[in-house]
Amino acid sequence: MTYDEIEQRIKGAVADHFTDVLNRPELLNRFGDNIVVFDFIAGEAADKIFDLQFANICRRVTDEHRLVLAVKGEALQTLREWCTAELDKGGRGIGMALESHFVNPLARALFDRDLKPDERITVSAIRREGGIVHLDLQ
(Lines give C-alpha, C1' and ligand atoms only; values in the text may rest on other atoms or scores of the structure.)
Protein backbone atom coordinates (compact mmCIF):
# COMPACT_ATOMS: atom_id res chain seq x y z
CA MET A 1 0.00 0.00 0.00
CA THR A 2 1.06 3.56 -0.54
CA TYR A 3 1.56 5.90 2.39
CA ASP A 4 -1.66 7.75 1.49
CA GLU A 5 -3.64 4.49 1.56
CA ILE A 6 -2.15 3.52 4.93
CA GLU A 7 -2.84 6.98 6.32
CA GLN A 8 -6.50 6.82 5.21
CA ARG A 9 -6.95 3.35 6.72
CA ILE A 10 -5.42 4.28 10.06
CA LYS A 11 -7.32 7.55 10.36
CA GLY A 12 -10.50 5.69 9.40
CA ALA A 13 -9.85 3.03 12.05
CA VAL A 14 -9.25 5.71 14.68
CA ALA A 15 -12.46 7.49 13.69
CA ASP A 16 -14.41 4.22 13.81
CA HIS A 17 -12.99 3.38 17.22
CA PHE A 18 -14.02 6.71 18.77
CA THR A 19 -17.44 6.88 17.11
CA ASP A 20 -18.55 3.22 16.94
CA VAL A 21 -16.63 1.38 19.67
CA LEU A 22 -16.35 4.06 22.35
CA ASN A 23 -19.42 6.02 21.21
CA ARG A 24 -17.48 9.21 22.00
CA PRO A 25 -17.14 11.18 18.74
CA GLU A 26 -16.59 14.38 20.74
CA LEU A 27 -13.19 13.02 21.79
CA LEU A 28 -12.24 12.51 18.16
CA ASN A 29 -13.25 16.11 17.46
CA ARG A 30 -10.75 17.28 20.07
CA PHE A 31 -7.94 15.66 18.07
CA GLY A 32 -9.02 17.38 14.89
CA ASP A 33 -6.39 16.99 12.17
CA ASN A 34 -3.64 16.35 14.72
CA ILE A 35 -3.40 12.61 14.12
CA VAL A 36 -0.07 11.94 12.44
CA VAL A 37 0.62 8.62 10.74
CA PHE A 38 4.32 7.94 10.47
CA ASP A 39 5.76 6.16 7.48
CA PHE A 40 8.27 3.35 7.86
CA ILE A 41 11.92 4.33 7.80
CA ALA A 42 13.70 3.57 4.55
CA GLY A 43 17.44 3.10 4.02
CA GLU A 44 18.31 6.73 3.26
CA ALA A 45 16.41 8.06 6.29
CA ALA A 46 17.97 5.35 8.48
CA ASP A 47 21.45 6.44 7.38
CA LYS A 48 20.66 10.06 8.25
CA ILE A 49 19.30 9.07 11.65
CA PHE A 50 22.37 6.93 12.28
CA ASP A 51 24.72 9.75 11.23
CA LEU A 52 23.00 12.29 13.49
CA GLN A 53 22.88 10.01 16.51
CA PHE A 54 26.47 8.82 15.99
CA ALA A 55 27.71 12.42 15.68
CA ASN A 56 25.86 13.27 18.89
CA ILE A 57 27.57 10.41 20.73
CA CYS A 58 31.01 11.50 19.49
CA ARG A 59 30.29 15.11 20.47
CA ARG A 60 29.21 14.04 23.95
CA VAL A 61 32.39 11.98 24.40
CA THR A 62 34.43 15.05 23.46
CA ASP A 63 32.42 17.48 25.61
CA GLU A 64 32.02 15.30 28.70
CA HIS A 65 35.28 13.35 28.71
CA ARG A 66 37.62 15.63 26.73
CA LEU A 67 38.56 12.83 24.35
CA VAL A 68 38.93 13.06 20.59
CA LEU A 69 37.08 10.06 19.20
CA ALA A 70 37.59 8.73 15.68
CA VAL A 71 36.15 5.60 14.08
CA LYS A 72 37.86 4.08 11.04
CA GLY A 73 35.78 3.55 7.92
CA GLU A 74 35.38 -0.22 8.07
CA ALA A 75 34.42 -0.16 11.76
CA LEU A 76 31.94 2.65 11.10
CA GLN A 77 30.42 0.74 8.17
CA THR A 78 30.03 -2.40 10.30
CA LEU A 79 28.39 -0.36 13.04
CA ARG A 80 26.05 1.31 10.51
CA GLU A 81 25.00 -2.07 9.12
CA TRP A 82 24.32 -3.50 12.57
CA CYS A 83 22.36 -0.44 13.71
CA THR A 84 20.19 -0.12 10.61
CA ALA A 85 19.49 -3.83 10.14
CA GLU A 86 16.07 -3.79 11.85
CA LEU A 87 14.25 -0.73 10.54
CA ASP A 88 10.89 -1.96 11.82
CA LYS A 89 11.99 -0.61 15.23
CA GLY A 90 12.24 2.91 13.81
CA GLY A 91 14.63 5.67 14.81
CA ARG A 92 14.58 4.65 18.45
CA GLY A 93 15.73 1.19 17.39
CA ILE A 94 18.75 2.75 15.72
CA GLY A 95 19.54 4.63 18.91
CA MET A 96 19.14 1.50 21.05
CA ALA A 97 21.42 -0.44 18.69
CA LEU A 98 24.04 2.33 18.89
CA GLU A 99 23.85 2.13 22.66
CA SER A 100 24.38 -1.63 22.78
CA HIS A 101 26.82 -1.93 19.84
CA PHE A 102 28.90 1.19 20.44
CA VAL A 103 28.32 3.21 23.61
CA ASN A 104 28.43 0.30 26.06
CA PRO A 105 31.44 -1.43 24.41
CA LEU A 106 33.25 1.93 24.25
CA ALA A 107 32.64 2.50 27.96
CA ARG A 108 33.96 -1.00 28.74
CA ALA A 109 37.03 -0.45 26.54
CA LEU A 110 37.83 2.93 28.09
CA PHE A 111 37.14 1.94 31.70
CA ASP A 112 40.56 0.45 32.43
CA ARG A 113 42.61 2.99 30.46
CA ASP A 114 44.46 5.88 32.05
CA LEU A 115 43.02 8.64 29.88
CA LYS A 116 44.45 12.11 29.53
CA PRO A 117 42.52 15.21 28.45
CA ASP A 118 42.40 15.71 24.67
CA GLU A 119 43.72 12.17 24.07
CA ARG A 120 42.84 10.79 20.65
CA ILE A 121 41.05 7.43 20.71
CA THR A 122 40.58 5.61 17.40
CA VAL A 123 38.21 2.68 17.00
CA SER A 124 39.97 0.56 14.41
CA ALA A 125 37.59 -2.43 14.42
CA ILE A 126 34.32 -3.64 15.86
CA ARG A 127 33.55 -7.33 16.27
CA ARG A 128 31.27 -9.78 18.04
CA GLU A 129 32.72 -12.59 20.13
CA GLY A 130 30.39 -14.90 22.00
CA GLY A 131 27.52 -12.44 21.65
CA ILE A 132 29.55 -9.58 23.11
CA VAL A 133 30.61 -6.59 21.02
CA HIS A 134 34.27 -5.56 21.33
CA LEU A 135 35.98 -2.44 20.02
CA ASP A 136 39.64 -2.44 19.06
CA LEU A 137 41.14 0.89 20.17
CA GLN A 138 44.32 2.62 19.15
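What pLDDT does the chain average, and what share of the residues score at least 70? In this predicted model, the chain averages a pLDDT of 92, and 100% of the residues score at least 70. Confidence in the chain is lowest in helix 2, which covers residues 25–31 and has a mean of 90, whereas confidence is highest in helix 4, at 96.

The chain contains five helices and three strands, and these elements follow the pattern α-α-α-β-α-α-β-β when read along the sequence. With regard to overall dimensions, the C-alpha trace of the chain spans about 65 × 30 × 25 Å along its principal axes. The radius of gyration of the chain is 21 Å, while a compact globule of 138 residues would have a value near 14 Å.

Two packed helices are described by the angle between their axes and the distance between the axes. For helix 3 (residues 43–65) and helix 4 (residues 73–83), the axes come within 10 Å and cross at roughly 120 degrees.

By residue class, the contact of helix 3 with helix 4 divides into five nonpolar and three charged residues, with no polar residues.

Conventions. Residues are numbered from 1 along each chain as its sequence is written. This is a predicted model: local features need pLDDT of at least 70, side-chain atom pairs count only at pLDDT 80 or more; totals for chains, interfaces and linings use all residues. Side-chain values use heavy atoms; hydrogens and water are left out. Axes are lines fitted to C-alpha atoms, for helices over the stretch in contact, and angles run from 0 to 180 degrees between N-to-C directions. Helices (H or I, at least four residues) and strands (E, at least two) are DSSP runs, numbered from the N terminus. Ala, Val, Leu, Ile, Met, Phe, Trp, Tyr, Cys and Pro count as nonpolar, Asp, Glu, Lys and Arg as charged, and the others, Gly among them, as polar. pLDDT is the predictor's confidence in each residue, from 0 to 100. The radius of gyration is taken over C-alpha atoms; the globule rule is 2.2 Å times the number of residues to the power 0.38.
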